[in-house]
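Please read it alongside the sequence.

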Amino acid sequence: MAVIKSNSSDVDLLARLLRAEAEGEGDQGMLMVGNVVINRALANCLDFRNVRNIRDVVYQSPGGFEATQFGYFYQRPRDNERRLARRVINGERIYPATNSLWYFRPTGDCPSEWYNQPFTDRFKSHCFFSPLEENCPSVY
């Protein structure tokens, strides 16, 4: 059962974002990006008080995703990424993105904090950051 409302255009939008942000990280990395999107839609805290759906999260400005600024994001979604998008919409969570609201790809080591939130862990090239439960209980 879906953890947030979505339709086929939401699935396609999320699928495009997963590929554009993390294709090089494989299916697991793309699922983690999806976790961050879903967490932001559920969060209602910190920088994510006014985003309630996938479209709001993807295009949030400031604070959205860099991939939306490049042509690769606007290519037609593929079936694999659609399947991955549905998995995260249906609630599948993958550590270290389980409760994360941020990730990024540094040139070196992961910092201990990002947007004042603690480092959770790294997966391949991406560092993930999760709020403390007391600051954002809706992602826990």
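Numbering the bonded cysteines of the protein in sequence order, what is the pairing? The pairing is 1-4, 2-3. The model is predicted, and the count comes to 2 disulfides.

**Disulfide of cysteine 45 and cysteine 136**
- The sulfur atoms of cysteine 45 and cysteine 136 are 1.8 Å apart, and the two residues form a disulfide.
- This link is left-handed, with -65 degrees about the S-S bond.
- It connects distant parts of the chain, 91 residues apart: cysteine 45 is in the loop between helix 2 and helix 3 (54-58), and cysteine 136 is in the segment after strand 4 (126-129).
- Cysteine 45 has a relative accessible area of 4% and is therefore buried; cysteine 136, at 0% relative accessibility, is also buried.

**Disulfide of cysteine 110 and cysteine 127**
- Cysteine 110 is joined to cysteine 127 by a disulfide, S to S 1.8 Å.
- The link of cysteine 110 and cysteine 127 is left-handed, with -80 degrees about the S-S bond.
- Cysteine 110 is in the loop between strand 1 (102-104) and strand 2 (113-114), while cysteine 127 is in strand 4, so the pair ties together parts 17 residues apart in sequence.
- Cysteine 127 counts as buried, at 0% relative accessibility.

**Packing of helix 2 and helix 4**
- Helix 2 (residues 26-43) packs with helix 4 (residues 79-89) at an angle of about 45 degrees, and their axes are 9 Å apart.
- That angle makes helix 2 oblique to helix 4.
- The crossing of helix 2 with helix 4 is right-handed.
- From helix 2, Asp27, Met30, Leu31, Gly34, Asn35 and Ile38 meet Asn80, Glu81, Leu84, Arg87, Val88 and Ile89 of helix 4.
- The residues of this contact comprise 6 nonpolar, 3 polar and 3 charged.

Note on methods
Residues numbered from 1 in each chain as written. Predicted model: local features only at pLDDT ≥ 70, side-chain atom pairs only at ≥ 80, totals over all residues. Heavy atoms only, no water. Axes fitted to C-alpha atoms, helices over the stretch in contact; angles between N-to-C directions. Helix = DSSP H or I, 4+ residues; strand = E, 2+ residues; numbered from the N terminus. Parallel < 35°, antiparallel > 145°, perpendicular 65-115°, else oblique. Left-handed = near helix turned anticlockwise from the far one by under 90°. Contact = heavy atoms within 4.5 Å. Nonpolar A, V, L, I, M, F, W, Y, C, P; charged D, E, K, R; others polar. Disulfide = S-S within 2.5 Å. Buried < 20%, exposed > 50% of the residue type's maximum accessible area, 1.4 Å probe, protein only.
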